Amino acid sequence: SDEEERIASRFRKMLKMNIPKGAVRNKMVSEGVNGKIVAAVLGEKNTEAMPPKPGRKSTSKLVSLHWTPLSDDQVQNSIWNSTKKRKVSAGKDEVTQLCELFQKKTNKGLGKGSKADKSDSDGKGEDMARLIDLTRANNVAISLKAFKEFSYKEFSEIIANLDPKKKILGERCQFIRDLLPNQSETKIIKSYKGSDSRLIAAELWFKEIAHV
């Protein structure tokens, strides 16, 4: 419809401004944009209208791999279109090696809070502060990529001074509100006295902007 096209064109404009797909997706989701429009803007399959397939809960001991399938148009314009299609088969030894490589790791026999437990849980081998919700932190980190030409300090000063040199224009302005910490987050960040090395990207940004 004309209304759907109007909404889609606004977000397509963001993509043309090199704003990351993840940031545009988060913006559409936060505004409650229909899944059909989200898929059309990002060039993905619309899974919203597809009913879930009934089946048993997966009991696989292998890690799950997540990726976004390429559309037919994207494949046509990629290197994959020039490759020859051929059947690939793997031997028993190769299958065994792949299963070992992608097997889910467990902390069997390790007590909670042990060094190995901390390493596996945060993926960095050290005890991270984890001051804010992980989903919120990931969304903030994605949106920050729309302003990657600025350091956190420079970006916070631009916001504090209301951007007198007009460095941030157009659609990018819409992302700033989502990058500001709420009252609870500000309180937590200001009360933190630990090392910056224990903070993730969103927390480092909140620490910079919280004092503005």
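Tutor: Buried residues have under 20% relative accessible area, exposed ones over 50% and partly exposed ones a value in between (1.4 Å probe, protein chains only). A helix is a DSSP run of H or I with at least four residues, a strand a run of E with at least two, both numbered from the N terminus. The model is predicted, with pLDDT of at least 70 required for local features and 80 or more for side-chain atom pairs, while totals for chains, interfaces and linings use all residues. Residues are numbered from 1 along each chain as its sequence is written, and side-chain values use heavy atoms, leaving out hydrogens and water.

Student: How many helices and strands are there, then?

Tutor: The protein has 10 helices and 0 strands. Of its 212 residues, 24% are buried.

Student: How many residues of helix α3 are buried?

Tutor: In helix α3 (residues 35-42), 6 of the 8 residues are buried, so this helix is largely enclosed by the rest of the structure. They are Gly 35, Ile 37, Val 38, Ala 39, Val 41 and Leu 42.

Student: And what do the buried residues of α3 pack against?

Tutor: They pack against α1 (2-16) and α2 (21-30), a contact being heavy atoms within 4.5 Å. Just after α3 comes Gly 43, whose phi is positive at about 70 degrees.

Student: Changing topic: how many aromatic pairs?

Tutor: Rings of Phe, Tyr and Trp (its six-membered ring) pair when their centres lie within 6.5 Å; planes under 30 degrees apart are stacked, over 60 edge-to-face and the rest tilted. The count by this rule is 4 aromatic pairs. One of them joins Phe 150 and Phe 155, with ring centres 6.1 Å apart and planes at 15 degrees, so this pair is stacked.

Student: Are those two buried or exposed?

Tutor: Phe 150 and Phe 155 are buried. A further pair, Tyr 152 with Trp 205, is edge-to-face, at 5.9 Å centre to centre and 65 degrees between the planes. Tyr 152 belongs to helix α8 (residues 152-160) and Trp 205 to helix α10 (residues 201-209), so their pair ties together parts 53 residues apart in sequence. Tyr 152 is partly exposed at 29% relative accessible area, whereas Trp 205 is buried at 0%.

Student: Which residues do the ring pairs link into a cluster?

Tutor: The cluster consists of Phe 147, Phe 150, Tyr 152, Phe 155 and Trp 205.

Student: How many salt bridges does the structure hold?

Tutor: It holds 12, each a side-chain nitrogen of Lys or Arg within 4 Å of a carboxyl oxygen of Asp or Glu. Lys 27 bridges to Glu 31, with the closest N and O atoms 3.9 Å apart. Lys 27 counts as buried at 4% relative accessibility, while Glu 31 is partly exposed at 37%.

Student: What does Asp 178 bridge to?

Tutor: Asp 178 forms a salt bridge with Lys 27, the closest N and O atoms lying 3.6 Å apart.

Student: Which residues form one network through shared partners?

Tutor: Salt bridges with shared partners join Arg 10, Lys 27, Glu 31 and Asp 178.
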